[in-house]
Amino acid sequence: MNNSSAVLILDKVSKSYGNGLAVNEVSLSIRENEFFALLGPSGCGKTTLLRMLAGFETPSAGCIYLDGNDISPLPANKRPLNLMFQSYALFPNMTVRKNIAYGLEMERLPEAEIRRRVDDVLSTAQLGELAERKPDQLSGGQRQRVALARALVKRPRVLLLDEPLGALDKKLREKMQLELKRLQHESGITFIIVTHDQEEALVMSDRMAVLDGGKVCQCGSPTELYENPNSRFVANFIGVSNLLEGVRSGPNSVRVSGQELRVETDAPLITAQPVAVVVRPERLQVLTEQGSDCDNQVTGTIVEVAYHGLDTNLHVETALSDKPLIVRVPSSQFEFAHFAIDTTIRLGWQARHARVLTR
Ligand code: ATP
């Protein structure tokens, strides 16, 4: 692990409640100015991990270092980390400006400095025109921005966000994802966000850690995790995957349902080892001509056509797996190809677009 620009280091951090381990030996290094996402299904330990960083929970084992110093002895209010909760309670009787200034007033900073910092943040969060309004005169997205501004104005070393967009509808969520990314970039503050929404993590984060059962399954950039998942769990959790279960039959081949599939892999050859070949829906091609140069080919029957606007997902039953393969086709192709249910089509993909998973 390269810790040269690490702000926060978690070293084998665990948390148990009674006999259960909510967080199990998590080691992570989070960098300066990074947008980092903790992602995983419900109950995987994301919130517990975030609460330990904030100082609301004490680790049962392991250490947390901020700028090289062990922060375990520091109570929550003495840590230069700010946690923004899912339900961001604003003071209803205070204006936006007052809500934002409140934390600095509690610190008894000089009035001129408070004014300057609040003005700065109002402008970054594009709230200038709303400064004199009260929370009930704002939309959900605007209230969200005030909550963020209130956290940012304190200039924490790290801002912790627990499902910050959870309460917003889909359209606003997508807008706020980009907004959050911009605010993080402009403020230069390290953000750690907890989310169970993989699309959100892919869009916003520089790097992310996927957790399951209290353990980190994989940590890396969105592209690394999407293109090179290290396990069936990550492949399934991030994006849509076609998983083909088979056995390793050679250095560059896997036998799936009696068919030899060509793969490119660094995984050591253990003959007959059960493995899964994963191919993303956009890597599958519908072959229209005979003699295509695709390394792997299979015939199947369309059992479902799911239109998504820009793309259409074809669900194609083949001999390779019990579940239909999902093929993403640009909807524009429908002008010249006919993909109706019960049509037989031929699919193909290149060996380099398939990953071999041993876990
Ligand atoms: P969600 O997305 O549903 O909020 P999460 O990934 O944030 O889930 P946590 O809230 O961290 O998960 O919980 C991890 C595990 O620890 C769960 O099994 C949960 O039941 C357990 N847990 C959390 N807090 C406590 C507690 N105070 N006492 C006992 N068990 C707890």
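**Overall architecture and ligand surroundings of the predicted model**

The protein contains eight helices and 20 strands, where helices (H or I, at least four residues) and strands (E, at least two) are DSSP runs numbered from the N terminus. The structure is a predicted model, in which local features need pLDDT of at least 70 and side-chain atom pairs count only at pLDDT 80 or more, while totals for chains, interfaces and linings use all residues. Residues are numbered from 1 along each chain as its sequence is written, and side-chain values use heavy atoms, with hydrogens and water left out.

Along its principal axes, the C-alpha trace spans about 75 × 50 × 35 Å. Of the 359 residues, 48% count as buried; buried means under 20% relative accessible area, exposed over 50%, and partly exposed in between (1.4 Å probe, protein chains only). The protein exposes about 17,600 Å², of which carbon and sulfur atoms supply 48%. Accessible areas come from the Shrake-Rupley method with a 1.4 Å probe, and for residues only the protein chains shown count as cover. Among contacts (heavy atoms within 4.5 Å) between residues at least 6 apart in sequence, 66% join residues at least 24 apart. The mean positions of the 41 positive and 43 negative charges are 6 Å apart. Lys and Arg count as positive and Asp and Glu as negative, whereas His and the chain ends are not counted; each charge is placed at NZ of Lys, CZ of Arg, CG of Asp or CD of Glu.

Oxygen atoms of the ligand lie 3.1 Å from a polar backbone atom of cysteine 44, 3.0 Å from a backbone N or O atom of glycine 45 and 2.8 Å from an N or O atom in the side chain of lysine 46. A polar contact is a pair of N or O atoms within 3.5 Å; within protein, one must be able to donate a hydrogen and the other to accept it, and residues adjacent in sequence count only if both atoms are side-chain atoms. Taken alone, the ligand exposes 630 Å², and the protein buries 53% of that.

Seven of the nine residues of α1 are buried, namely Lys46, Thr48, Leu49, Leu50, Met52, Leu53 and Ala54. Arginine 51, also in α1, counts as partly exposed because its relative accessibility is 28%. The C-alpha atoms of arginine 51 and threonine 288 are 54 Å apart, with a sequence separation of 237 residues. After α1 comes glycine 55, with a positive phi near 95°.

Most residues other than glycine have a negative phi. Glutamate 25 is not a glycine, yet has a positive phi of about 50°. Glutamate 25 belongs to strand β2 (residues 20-31) and is partly exposed, with a relative accessible area of 49%. Aspartate 67, not a glycine either, has a positive phi of about 50°. Aspartate 67 is located in the loop between β4 (61-66) and β5 (69-70) and counts as partly exposed at 39% relative accessibility.

Arginine 207 lies in strand β9 (residues 207-212) and counts as buried because its relative accessibility is 12%. Beyond neighbours within four places in sequence, the contacts of arginine 207 include Ser29, Ile30, Arg31, Glu34, Phe35 and Phe36, as well as Cys219, Gly220, Ser221 and Pro222.
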